[in-house]
Amino acid sequence: MIASRPDGRAADELRSFSFERDFTKMADGSTLVTFGQTRVLCTASVNKDLPPWLRNSKEGWVTAEYSMLPGSSPERVPRRSGGREKEIQRLIGRSLRAVVDMTALGPISITVDCDVIQADGGTRTASICGGFVALHDAITRHRQAGQVKGDPILTECAAISVGVVDGIAVLDLPYAEDSTADVDCNIVMTGDGNLIEIQGTAEEQSFSRSQLDEMLDLAQSGISQIITRQKDLLNTPPT
C-alpha cells in the first residue's frame, strides 16, 4: 500500500465529489462539478446551427469547448485556446457523442462548455462527468418542450484519472500526485461498463500489463460510483 497520499485517502478512494445542478439559469443545462479542490462549470447550449457536413441530414451534433479561466491556478492562465485546450475539448466531445444517438437527437447542435474555475488535477475527467449532466438536462428540457421527439441518451458517461505513484496504482490524482506520477492515465467509460477512451502515458518509466489492468480496475470502480451519483441526480427531471 502507498505510505500516505497528500490528502490521506486510500489508493482506491475517490476525492469528495458533487454535482450542483442548474448552477446558472440561462443555459439549457448547467452544473458545477467538484472533485476535491477541482471545480468546473459545465453548460450545455442548444442551437440550430449544424456543422456543414450535417446541414442536409436529419442528424444532430454534440461538441465541446474547454478552457481554464484566469485565477484557476496559482499562476494566472491567459485567456487563450492552445493545443492543450483543443486536445481536451476534442476528448470531451468524443466522449459525450459516444452516448448520444444523433439520429434521435434530430437536426440540432449542442455545445457543452467546460470552464475550469479551480484546477487541482483531473480537470478533463471532471469536465466529462459534469458535461454529461449538463447535456442530459439540456436534452431533457427540449424533450419536455416537444423539440426532441425520442430519447437520444443511450447511457451515462463518466471519466476519472488513475496513475502509478511510487510504484502503487492510485485513483483520482490531485495535482500534487499528477505532477510527480510515474504513470498518468485518463479513462472514459459508459454507464454499461464499456470503454470510450484510454489515455495513458509513462512519465518516468514504462509500466506493465498487470499495472494497466490494475489501473483499469481502479477506474471502473471509481466511474461506477460517479455514474451512480449521476443516475440518482438525473432520476428527477430538471425544472
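The expected span of a helix is 1.5 Å times one less than its number of residues, a rule that is applied below to helices of this predicted model. The protein has 239 residues, of which 51% count as buried, and its secondary structure comes to five helices and nine strands.

**Overall form**

- The C-alpha trace spans about 55 × 40 × 35 Å when it is taken along the principal axes of the protein.
- Among contacts between residues at least 6 apart in sequence, 70% join residues that are at least 24 apart.

**Surface and charge**

- The protein exposes about 11300 Å², and carbon and sulfur atoms supply 47% of that area.
- There are 24 positive and 33 negative side chains in the protein, and the centres of these two sets lie 9 Å apart.

**Helix 5**

- Helix 5 covers residues 209-234, and because its 26 residues should span 38 Å at 1.5 Å a residue, the 36 Å between its end C-alpha atoms agrees with the expectation.
- An α-helix has 3.6 residues a turn, so residues three or four places apart point the same way.
- The buried residues of helix 5 include Met 215, Leu 218, Ala 219, Gly 222, Ile 223, Ile 226 and Ile 227, and Gln 230 and Leu 234 are also among them.
- These buried residues of helix 5 pack against several elements, including helix 3 (123-144), strand 1 (17-21), strand 2 (29-35) and strand 8 (183-190), and strand 6 (157-165) and strand 7 (168-171) are also among their partners.

- Helix 3 has 22 residues and reaches 31 Å from its first C-alpha to its last, which is close to the 32 Å expected at 1.5 Å a residue.
- Helix 3 is largely enclosed by the rest of the structure, because 20 of its 22 residues are buried.
- Gly 131 has its place in helix 3, and this residue counts as buried because its relative accessibility is 0%, where buried means under 20%.
- When residues up to four places away in sequence are not counted, Gly 131 touches Cys 42, Leu 96 and Val 112.
- Gly 131 and Asp 101 are 30 residues apart along the chain, and their C-alpha atoms are separated by 16 Å.
- Just after helix 3, Gly 146 takes a positive phi of about 80°.

Methods. Residues numbered from 1 in each chain as written. Heavy atoms only, no water. Helix = DSSP H or I, 4+ residues; strand = E, 2+ residues; numbered from the N terminus. Buried < 20%, exposed > 50% of the residue type's maximum accessible area, 1.4 Å probe, protein only. Contact = heavy atoms within 4.5 Å. Areas by Shrake-Rupley, 256 points an atom, 1.4 Å probe, with all protein chains shown as cover. Lys, Arg positive; Asp, Glu negative; His and termini not counted. Charge placed at Lys NZ, Arg CZ, Asp CG, Glu CD.
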